[in-house]
Amino acid sequence: MADLSKLETRTIGGGESGFVTTKFEALLGWARKYSLFQYPFATACCGMEFFSTASPRYDIARFGAEAPRFSPRQSDVLWVVGTISQRQAPVLRRVYEQMTEPKWVIAFGTCASCGGFYDNYATVPGIDKIIPVDVFIPGCPPRPEAVLDGLMLLQDKIGRCDRTPETVKNTLLAEGADEALEKLYQIRMKP
Amino acid sequence: MSKLILERLKAQFGADVLEVSSFRGDDVALVKPARWVDVARFVHDDPRCACTYFVDLSAVDLCDPRTDDLDMDDRFEVYVIAYSVEHKHRVRIKTRVSGDEPRLATVIPVWSGANWMEREVFDMYGVHFEGHPDPRRILTYDEFKGHPLRKDYPANRAQPLVEYRDGTFNKLGPFLQDEGMPLNRSAAPDERN
C-alpha cells in the first residue's frame, strides 16, 4: 500500500467555496474506516466483553462499526474473540479466506493474541500463526475501553494505509513499563 | 453415607474387589479389570444399590515416565462414578489396566451415557473399550498422533491442522508482569515457573 509519508491533504482557498486536494488512498481510507462491517468470531469468555462493547453502554456504533455480518463475504473486520483450538484453526482460516478485500483482523484478548495460558497440545499459540493480524488487544478479557482503543487504532491504521501488526498499549502503565515489556520480550525470545 | 454398597460388593465379588476405602462419604472400590462390567451391572441392577444414574467415567495415568516402565501392568486407572437417585448414595468404582495395549470392556450396556466418556478416555489415554459401538476420537482430530493426557506425551507438542505462517512474530507479548504468567512457549520446560 501507499507510503504514509507521501499521503498529504491540502486545503486550498479559491473563491467562496475552496477545494481540497488529497491522495486517492487517503480518501479511500478515510471513507473505509468509518464503515466497518464486522464478523464476530466469538469462541470463548471474551465474547461477553465483546457483547458489552457492542451494547449501548459502550456503544461501538459511535465508531461506525455497529453492523455485525454473519457472512464473511459481507464483512470487513474479523474479530477473533477468544481461544482458537487446533481443531478450529481450519475453520478460522476458511472464514478469513472467504472475506473479500479489503479485510482486517483484530485479535481480541490474550488467547487470540498468543494462546494465553493454554500452553498445550490443544490451542493455537496466537492466531497470527494462521492468518495475518492487524491489531492485538491484550487483556484477559480486555475491558471495553481497551477494545474501543483497539478499534480506534485499527481506524487509524486504515486511514494511514498501514498494515503492520500493532498492539494496543496500556496507557495507564507506570514509568518504566516499556523496559519491563522489553525484558519480557527477551525472555520469550530466548532459544 | 453408609458403606452399604462396598459391603454388598465385597459380599458379592469377594477377592475380586481388591481394595475398598471410604473418605467423608466417598465410597471407592478397586476391582479386577476382568470383573469390571459385572461389578457395574451389579451396582446398577441390585435393588439395594440401584445406582442408575451415571455421573462420570474417566481415567488417570499412574506412571511416572522418569522412573516407571511405560508398559507397567497397572498404568491406567479407569473409574466410573454412579449415583442412586432412589437411595441418594454414590460410589466410585476403579480398575487398573496395563500400559501395554490397555483394554477394558465397555459399560455402555449398563449406562448408555458412558458412550462419549469412553471415547474421551480412548482419545486422551488410548484405553480401548471392547464392544464400544463407535470407538473414534472425540475431542482431538483424526490426524492426531498419540494420546495427549498420557504422562509420556510431551507437554509442548502441538499437532497443527493448519500449517503455521512463515516469518517471525516479534510482536510484544500482551502479558504484562502483573498479569499472571510469562510468555514461556519457547523456553525449555525446566525454565518455566
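In what order do the elements of chain A run from the N terminus on? They follow the pattern β-β-α-β-α-β-α-β-α-β-α-β-α, which comes to 6 helices and 7 strands. Helices (H or I, at least four residues) and strands (E, at least two) are DSSP runs, numbered from the N terminus. The model is predicted: local features need pLDDT of at least 70, side-chain atom pairs count only at pLDDT 80 or more, and totals for chains, interfaces and linings use all residues. Residues are numbered from 1 along each chain as its sequence is written, while chains are lettered from A and ligands numbered from 1 in the order in which they are written.

Chain A has 191 residues, of which 37% count as buried (20 or more other C-beta atoms within 10 Å of the residue's own, with C-beta atoms placed from the backbone; 12 or fewer is exposed, and in between is partly exposed). Among contacts in chain A with a separation of 6 or more, 74% join residues 24 or more positions apart; a contact requires C-beta atoms, placed from the backbone, within 7 Å.

The largest nonpolar core holds 39 residues. Such a core is a set of buried Ala, Val, Leu, Ile, Met, Phe, Trp, Tyr and Cys residues joined through C-beta atoms within 7 Å. W79(A), V80(A), I106(A), A107(A), F108(A), I127(A) and I137(A) touch the most other members. Elements supplying at least two residues each include β3, α2, β4 and β5 of chain A, and α5(A) gives the most, with 6 residues. Leaving aside residues up to four places away in sequence, V80(A) touches F41(A), L92(A), V105(A), I106(A), A107(A), F108(A), A112(A) and I127(A). A second, separate core of 32 residues includes V107(B), W111(B), F122(B) and M124(B).

Helix α2 of chain A (residues 46-54) has C46(A), E49(A), F50(A), T53(A) and A54(A) as its buried residues. They lie on the same side of α2(A), because they cover an arc of only 140° around the axis, taken from the directions from the helix axis to the C-beta atoms. These buried residues pack against β3 (38-42), β4 (77-81), β5 (104-108), α4 (109-114) and α5 (144-160) of chain A.

The axes of α2(A) and α5(A) come within 9 Å and cross at roughly 75°. Axes are lines fitted to C-alpha atoms, for helices over the stretch in contact, and angles run from 0 to 180 degrees between N-to-C directions. The two helices, α2(A) and α5(A), are therefore roughly perpendicular (65 to 115 degrees). E49(A), S52(A) and T53(A) of α2(A) meet P144(A), V147(A) and L148(A) of α5(A).

Notes: Two residues are in contact if their C-beta atoms, placed from the backbone, lie within 7 Å. Angles under 35 degrees count as roughly parallel, over 145 as roughly antiparallel, 65 to 115 as roughly perpendicular and the rest as oblique.
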